[in-house]
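Here is a short briefing to read alongside the sequence and the model. Could you keep the 3D view open while you go through the points?

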Amino acid sequence: MGADGVPPWFSRLAAPFIADHLAHLYRHSVHMSHVPLQWKCATITPVPKISSPVRPADYRPISVLPLYTLLEELLIRRYIYPLFLVPPLSLSLGDQYAFRPTGSTTAAIIGLIHHTTTMLATEPFVHIISLDFSKAFDVARHETLFDKLSDLPLPDSVYSWLLSFFTNRSHRTKFSGVTSSQDCINSSVVQGSALGPPMFVISTSDLKVVTPGNVYVKYADDATLIVPASNTSSIPDELANVEAWSRRNNQALNRSKTAEMVVSCRWTRGLVLPPLLDGVSRADTLLLLGVVLDKHLLFAQHVTRSLAQAAQSMYALKVLQTSGLPQRSLDLVCRATLVARIMYASPCWWGAISAADRARLQATLDRVARWGLCSWPPLQLADLCVRADRTLFGTILAGGSHVLLPLLPPPRQHNYNLRQRAHNLTVPMRDKFTDLNFLRRMLFGPRAPN
């Protein structure tokens with residue numbers, strides 16, 4: 001329930017009686033390019049970022065808006081998302097994997113590994129630099145955002161409505177049952193609103209590399225810079241460009257949380273690592289979008305982390321079992337928690353993990369079934385991962401606007417009447433990185449690694 005005090009259950013019950021009046025109000029709001037003042041007050045509910053928060057910075061300020069501001073969702077679907085699929089915005093969002101109709105964290109990690117393995121085919125090592133922006137959603141400058149929106153083919157009434165939505169906003173904070181007084185804000189894309197994510201994506205669309213050969217992979221405010229060994233000397237210029245972009249957009253690059261990892265093949269001999277970057281720490285592993293990447297892309301530590309989280313889910317399932325939860329419901333909870341945790345982003349790591357790690361994951365699924373937390377027989381990890389691979393690859397091929405489609409090779413043209421194939425794309429030569437790279441692996445067909 002937002003600041004207007006209207007509970008969602010009331011709107012569901014009253015929908016047959018208020019729908020026509022609400023539709024008239026929405027049409028009038030867009031036609032007049034005016035957002036009522038009552039819709040501009042947000043109630044901030046702090047959500048902990050860590051398990052034991054001790055200071056305000058450990059919380060994420062999520063805004064709960066008045067219920068009837070769902071008009072913003074209608075405008076996004078009709079006017080904003082279609083702009084993501086056509087130039088010029090589609091060309092600027094090629095490195096952004098968040099808040100797009102086909103974007104996901106899995107797609108972002110696949111894109112990152114694709115670029116990294118492609119570079120490693122000709123380079124001795126690759127820099128992966130995880131950039132961290134402090135309070136990126138909350139300090140976004142409205143003036144800069146609307147300068148970028150003005151270059152897009154938006155109807156004037158919609159542009160003016162968006163401007164009205166972000167002007168003269170206010171918020172209040174609710175914590176531990178106590179609500180603060182109302183105060184005005186003059187920045188932020190309103191984290192928690194439907195408009196916030198696409199507006200932030202548009203605001204970061206002009207953050208680009210300055211040296212050819214370097215690549216960005218972005219997921220909302222998480223930006224990862226990938227630099228091949230031959231461009232190591234360009235990293236200071238790239239970081240300076242990021243800081244200059246941050247100043248223009250009222251952002252702040254947090255160098256203390258920015259980390260670098262140098263990725264190389266584990267069988268590389270005589271590798272001389274580049275010198276440390278000024279003010280940037282170097283690590284052997286990086287946690288990116290919930291996946292642990294190591295310096296050889298083996299994902300052993302990601303498997304260990306997933307198993308630790310699965311053990312926590314297993315304990316919770318045992319509590320539900322002893323409390324008398326029916327087996328059918330227990331199966332659903334097990335698949336939604338433990339199995340989903342193990343399978344998270346499986347297309348990214350399934351082709352790279354060792355036989356021992358596959359056995360560790362399968363042993364957990366066997367134990368869950370043996371303890372009666374999931375129906376017998378136990379789920380087979382290989383079947384689940386291959387099915388996930390096929391589903392994602394089929395989605396990429398079926399949709400002409402998938403975020404991963406530009407990374408695939410071009411179609412192969414021929415004049416012969418050949419047998420039906422799974423795809424008509426050019427199949428590259430298989431090399432030592434094929435199983436690490438989801439897209440290249442799928443061109444040869446999904447299979448369990450040897």
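The count of salt bridges comes to 11, a salt bridge being a side-chain nitrogen of Lys or Arg within 4 Å of a carboxyl oxygen of Asp or Glu. This is a predicted model, in which local features need pLDDT of at least 70, side-chain atom pairs count only at pLDDT 80 or more, and totals for chains, interfaces and linings use all residues. Residues are numbered from 1 along each chain as its sequence is written, and side-chain values use heavy atoms, with hydrogens and water left out.

**Salt bridges**

- Asp95 forms a salt bridge with Lys218, with 3.5 Å between the closest N and O atoms. The pair links distant parts of the chain, 123 residues apart: Asp95 is in the loop between H3 and helix H4 (105-120), and Lys218 is in strand S7. Helices (H or I, at least four residues) and strands (E, at least two) are DSSP runs, numbered from the N terminus.
- Are these two partners buried or exposed? Asp95 counts as buried at 10% relative accessibility, and Lys218 is buried too, with a relative accessible area of 3%. Here buried means under 20% relative accessible area, exposed over 50%, and partly exposed in between (1.4 Å probe, protein chains only).
- Asp95 and Lys218 also belong, together with Lys208, to a network of salt bridges.
- Arg282 pairs with Glu260 in a salt bridge whose closest N and O atoms are 3.0 Å apart. Arg282 lies in strand S10 (residues 281-282) and Glu260 in strand S9 (residues 259-264), so the pair ties together parts that are 22 residues apart in sequence.
- Arg282 counts as partly exposed at 26% relative accessibility, whereas Glu260 counts as buried at 0%.
- Lys295 forms a salt bridge with Asp284, and their closest N and O atoms are 4.0 Å apart. This pair links distant parts of the chain, 11 residues apart, with Lys295 in the loop between strand S12 (291-294) and helix H9 (300-322) and Asp284 in the loop between S10 and strand S11 (285-288).
- Lys295 is partly exposed, its relative accessible area being 34%.

**Surface patches**

- Which residues gather in a patch of positive charge on the surface? They are Lys49, Arg60, Lys135 and Lys257. Patches are made of residues with over 30% relative accessible area and no salt bridge; like charges are joined within 9 Å, and nonpolar side chains (Val, Leu, Ile, Met, Phe, Trp, Tyr) within 5 Å.
- For the charges, Lys and Arg count as positive and Asp and Glu as negative, while His and the chain ends are not counted. The place of a charge is taken as NZ of Lys, CZ of Arg, CG of Asp or CD of Glu.
- Arg60 is part of strand S2 (residues 59-64) and counts as partly exposed at 34% relative accessibility.
- Trp9, Phe10 and Leu13 make a nonpolar surface patch of about 360 Å², with accessible areas coming from the Shrake-Rupley method with a 1.4 Å probe and, for residues, only the protein chains shown counting as cover.
- Leu13 sits in helix H1 (residues 8-32) and is exposed, with a relative accessible area of 61%.

**Backbone geometry**

- Pro87 and Pro88 are joined by a cis peptide bond with omega about 5°; Pro88 has its place in the loop between helix H2 (71-83) and helix H3 (89-92).
- The peptide bond from Trp376 to Pro377 is cis as well, with omega near 0°. Pro377 is in the loop between helix H12 (355-370) and H13.
- Ala220, a residue other than glycine, has a positive phi near 60°. Its loop runs between strand S7 (215-219) and strand S8 (222-228), and Ala220 counts as buried at 9% relative accessibility.
- Ala345 is not a glycine either, yet its phi is positive at about 55°. Ala345 is found in the loop between helix H10 (327-343) and helix H11 (346-349), and is buried with a relative accessible area of 5%.

**Contacts of two residues**

- Asn437 lies in the loop between helix H13 (381-398) and helix H14 (438-443) and counts as buried at 0% relative accessibility.
- Beyond its neighbours within four places in sequence, Asn437 is in contact (heavy atoms within 4.5 Å) with His114, Thr117 and Thr118.
- Leu397 belongs to helix H13 and counts as partly exposed at 35% relative accessibility.
- With neighbours within four places in sequence set aside, Leu397 is in contact with Leu408, Ala422, His423 and Leu425.
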